[in-house]
Amino acid sequence: MKHGRYPFILSFLALPVGLYAWLVILPFAQAFQISLTDWSGSSNSFDYIGFDNYVNLFKDERFVLPALRHTGIILVVLPVATIALGLFFAFMLNLGGRSRQGRIEGVAGSRFHKVVYFFPQVLSVAIVGILWKQVYAPENFGGLITGTLSAIGLPSPVNGFLADKRFVLAAVIGVLVWSAVGFYLVFFSSAMASIPRDIYEAAIIDGAGRFQMFFKITLPLLWDSVQTAWIYLSIVALDVFVLVYLMTPEQGGPDTASEVVGGVIWKYAFKHGEQAFASAIGVVLFFAALSLAVVSLRFGRREQIEY
Amino acid sequence: MRTTRPIFNRRNLLGATAAGLAASSLGACATSGSDDDAEEVTVGDDAENPFGVDPAAPLDVVIFDGGFGNEYAVAHQAIYNEAFPDAEITHLATQAIAETQQPRFAEGKPADVLDNSGAQQIPMDSLVSDGELAELTPLLDAPSYDDPSVTVRDTLRDGVLTSGTFNGEVYALNYVFSAWTVWYDAKLFRDQGWTPPTTWEEMLALCPVIKEAGIAPWTYAGQHPVYLYDLLLILAGRHGGVEVIKAIDELEPDAWRNESVVKAAEALAALYTEGYILEGTPGIDHIQSQTAFNERKAAFIPCGSWLPNEQASIAPADFEYMPMGVPPFEGSVQPGLISAGGDEPFVVPKNATNLAGAYEYLRIMLSKEGAQIFGDTVQAATIVKGVELDNPAAKATDALVSNPDDLFQPQFRFWYTKMNEEVRPALGSLLSGESTAAEFIDRMQTVADETAADDTIEKFHHED
């Protein structure tokens, strides 16, 4: 029976592994190779220059360092804000309502809310970007938020949120959270549904309020889901390129105030003709993403609870 | 019992993969195209076919499908096919120039003729320094399509080759003739009884009057401050003479600190501080600013000479686009100076398969018929002399660029990507009140000095 087992298994694996090697591993390996050269991207000649690109990368006050800072900020703020809001909404929609005759339910109209919150998820990111660009526009040009702020007598940035260095990054993160929260609401809702109701009922009998129910029961039992969400959101945070490209002035402005790592790679590769330098940034990003995944999986581990 | 020996154990599987990867990444990767010695094109005696085109050789043309569309190119190709009926022409019209064409350069199999324009342009400085482009002197020295006794060079307007010239060698044929001007609506000015200002001081005096009519004096594409580049430099150049802005291109020490440049920067900053710019302008893009202008919310807008064509179907029917030069300061040394010349660079890659055909195609584009086709389809002038255009805005622009000594295109942002990346946000901050003129000058002088000191950046110079 054992005879011929390996050729059989290999014949199944050959195609996917081959495709993976060709389309994923090979380009990565090539990025490493290119990052050690001075290749411009539009020629077939180049010289190996060692690690110069990596050294220069951390001296680039113009693009790379601001981009690393901004991506770092997004990496912290986006998961925290999205998970906090997602958990809060999911808890309110599933368990947050008044308990009627001992039954635990969500707030009124929770089904309707779930659908509404999920809407942004079905919009393509290009539409989201164009939509929000208009929402953030200057008041003179039909900006929704600036217009509303002025209407109720509050100050608002005269050139809109995206042209203002102080607000542009926050504005981009706001859109990211807005478009992600619906998905995590549904994600956490389904996780909450698997927590047995009797635990909550026992807690209520013991006199626990909603606060205690959330922090003592829901959150600990959802830890695995939170961890998964964290990793997903971190990956999203490392690539905010599309929104920055679509919404912000000069794709990362004003004056680099919203530059992110993905956008800087694109700028160097295609606008500056410095493919090798762009590859070096890509390699750095690759290792950052890798260590992030390892760290969050290692340190996020907790005991599994079986119900 | 028979022991089975696995074909691959963990160790040799990894080894095999690594070896395979190493081999293929060295062999089959994007950076391994062949670099054959490219042939050269010479000018022969046959005026009909000076470059010795192989009539059966296919021709590969890539056109930037932007504001000018690609209809004109199809018509040019028809002329080529009249002369060489057997040549099969591949025509690609796209906006994604870098995405589609950069890999072809890297592979060593570029197109024959490439219209390297638009936001996705492959940076010219890197193409030139990498030696990827063919020099166009044979084309310019060849007999023109219409008259064998006149060379192609002599059929062109003055100064139009400058923007495609890198250290004295012509690498790009900038086909469209355009000028950077300030636009106003002649009807609005007539109705309100305003006289178009001839000096910066007159303009400043008119601004309060414009504001009283409920109109903002100025607007511009705030999200793309590069629209202010020529405004600033020409204002400075008019005041102190063209040498002032040439010095900036040449990265001369303290070129930015010249009093004319400082004066121009201060004047632009003052437009903001005086409240002469449409509120919200720094937050809008070129489309929004042009729409505001069409809606007569602003009186002046700085833009290129393509604007009226682009807006023809959008602007109100009674809107009369009129250009003027940047209003010069009183006492300006060279008040007629204007940024005008070739735009829309057509290049011929050095490794083009049909090099002779590419030169011949460009020669057809520069024929009277070829240029008139362009003028008729897009209502814009080409760099060929004597193309008839029948719209008033084009005629008025022609009058502004009539003196060849006054034509100059500031080049540093095309020569040095690093300075391009600095001047845009710096202009943005200057006109939105975020930085003062002094800060602007310091910032630009710093990047100019850094560029001058950096040996890894290839330096370019004006011819004279």
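In the predicted model, helix H7 (residues 168-193) of chain A packs against helix H10 (residues 223-238) of chain A at an angle of about 160°, with the axes 11 Å apart; H7(A) is therefore roughly antiparallel to H10(A) (angles over 145 degrees count as such). Helices here are DSSP runs of H or I with at least four residues, and strands are runs of E with at least two, while axes are lines fitted to C-alpha atoms over the stretch in contact, with angles running from 0 to 180 degrees between N-to-C directions. Ala180(A), Tyr184(A), Phe187(A), Phe188(A) and Ala191(A) of H7(A) meet Ser225(A), Ala229(A), Leu233(A) and Val236(A) of H10(A), contact requiring C-beta atoms, placed from the backbone, within 7 Å.

Residues are numbered from 1 along each chain as its sequence is written, and chains are lettered from A in the order in which they are written. Local features need pLDDT of at least 70, and side-chain atom pairs count only at pLDDT 80 or more, whereas totals for chains, interfaces and linings use all residues.

Two non-glycine residues with positive phi were also examined. Glu250(A), with phi of about 55°, lies in the loop between helix H11 (241-247) and helix H12 (261-271) of chain A, and counts as partly exposed because it has 19 C-beta neighbours inside 10 Å. Glu344(B), by contrast, has phi near 65°, lies in strand S10 (residues 340-347) of chain B, and counts as buried because it has 27 such neighbours; the cut-offs are 20 or more for buried, 12 or fewer for exposed, and partly exposed in between.

Notes:
Parallel < 35°, antiparallel > 145°, perpendicular 65-115°, else oblique. Contact = placed C-beta atoms within 7 Å.
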